[in-house]
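Subject: Structure handed over, with notes

Dear colleague,

Please find the structure below, followed by my notes on what was found in it. I would be glad if you read the two side by side.

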Amino acid sequence: MGADHSHASSGEATPRNRLIIAFSITASVFVVEVFGAIITGSLALLVDATHMLTDVIGLALAVTAAHLMNRPPSDRHTWGLRRAEVLGALAQAALLLAVGIFALVEGIRRVFEPPEIASGSLLFFGIVGLVANVISLIVLMGGRKQNLNMRAAFLEVMNDALGSVAVIVSAILIATLGWYQADAIAGILIALLIIPRTLILLRASGSVLLESTPPGLDLADVRKHILALPHVVALHDLHASQVSTDLPTLTAHVVVDDGLTAEDSAQLLRSLQECVADHFPVSVEHSTFQLEPASHPGEHTTHG
């Protein structure tokens, strides 16, 4: 006897309008910063512009992923295309990592061979970039915790804002002290901001793709609570994973007393579903339980 406990999601999985606005702003600033990097010869501005390019691509991926995530389930894709969130975040993280490594290597080289930089123009373009990034951050802030896709988009724009601050500081140091190495150091700092956050995002994306147990859900605790329910004799094939970061799932085979009545079975199923949906820090509303009588010849003990 089995039962599936599921609820249709209400509303969009990802707020696309926020992403589209952020994409439009970022694409515009990218064009401005490329022009500024050509004029000034600044590494910090070039790295920030390159970072902007990855953001343009990344936000385009995020918008595409958001569109796919919001498509309804079908016979071919029974969960819809919710995992597009993770694939989009993974692609963004890979782009960010490549930019971070480039910035780090080129920045170290320029510390020893600093070119002359037009500080006034550099300051102007840094301020333009910062203002645009702050606007994008405000737009994305409300949805940044909704899922991994939005988190990746917010993270990219936040890194851009910090990069713009570094550009502004380096421009001021060059104008006041004539210290051209400041531009290279700013580029290195931007890289050091990008790489650690990128690795965290890669790890989170990989965890979902590898179908790891949702963070915060202790399966040992889940097993303990299920085994404590009336009529439950044993438990096997307990699995938990995530279709996307906002869609945890759980399945299990529950061995029960022989001769369990239909009414008792129905009550036990309700108790199981309520247990995993309400009792633990991670609410699992999509759960599937198979009830097996103790005399069932299935493999009660050979699986997790």
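Throughout these notes, a contact means heavy atoms within 4.5 Å. With neighbours within four places in sequence set aside, L272 has such contacts with I226, L229, V254, F289 and L291.

Before going further, some ground rules. This is a predicted model, in which local features need pLDDT of at least 70 and side-chain atom pairs count only at pLDDT 80 or more, while totals for chains, interfaces and linings use all residues. Residues are numbered from 1 along each chain as its sequence is written, and side-chain values use heavy atoms, with hydrogens and water left out.

On confidence, pLDDT is the predictor's own confidence in each residue, on a scale from 0 to 100; the chain averages 79, and 85% of the residues score at least 70. Helices (H or I, at least four residues) and strands (E, at least two) are DSSP runs numbered from the N terminus, and among these elements strand β1 (residues 2-5) has the lowest mean pLDDT, 51, whereas helix α7 (residues 219-227) has the highest, 92. Over residues 6-14 the pLDDT stays under 50, although the model has 21 contacts beyond four places in sequence for this stretch. Where pLDDT is low, the predicted coordinates should not be read in detail.

As for the overall layout, the chain has eight helices and five strands, and from the N terminus on they run β-α-α-β-α-α-α-α-α-β-β-α-β. Of the contacts with a separation of 6 or more, 77% are between residues 24 or more positions apart.

Strand β3 (residues 232-244) is mostly covered, ten of its 13 residues being buried. Two strands pair if DSSP finds at least two bridges between them; β3 and strand β4 (residues 247-256) do so in the antiparallel sense over nine bridges, and the hairpin that joins β3 to β4 passes through two residues. Not counting residues up to four places away in sequence, S241 touches E211, S212, P214, L247, P248 and T249.

D237, in strand β3, has phi near 50° and counts as buried at 15% relative accessibility. E211, in the loop between α6 (181-209) and α7, has phi near 55° and counts as partly exposed at 48%.

Turning to the aromatic rings, those of Phe, Tyr and Trp (its six-membered ring) pair if their centres lie within 6.5 Å, with planes under 30 degrees apart counted as stacked, over 60 as edge-to-face and the rest as tilted. The count comes to two aromatic pairs. F35 and F125 form an edge-to-face pair, 6.3 Å centre to centre with 75° between the planes; because F35 lies in helix α1 (residues 16-40) and F125 in helix α4 (residues 119-141), this pair ties together parts that are 90 residues apart in sequence. The ring centres of F124 and F125 are 5.2 Å apart and their planes stand at 70°, so this pair is edge-to-face. Ring pairs thus link F35, F124 and F125 into a cluster, and F125 counts as buried at 6% relative accessibility.

Lastly, T176 sits in helix α5 (residues 148-177) and is exposed, with a relative accessible area of 57%. The C-alpha atoms of T176 and S119 are separated by 9.3 Å, the two residues being 57 residues apart along the chain.

With best wishes

Conventions: Buried < 20%, exposed > 50% of the residue type's maximum accessible area, 1.4 Å probe, protein only.
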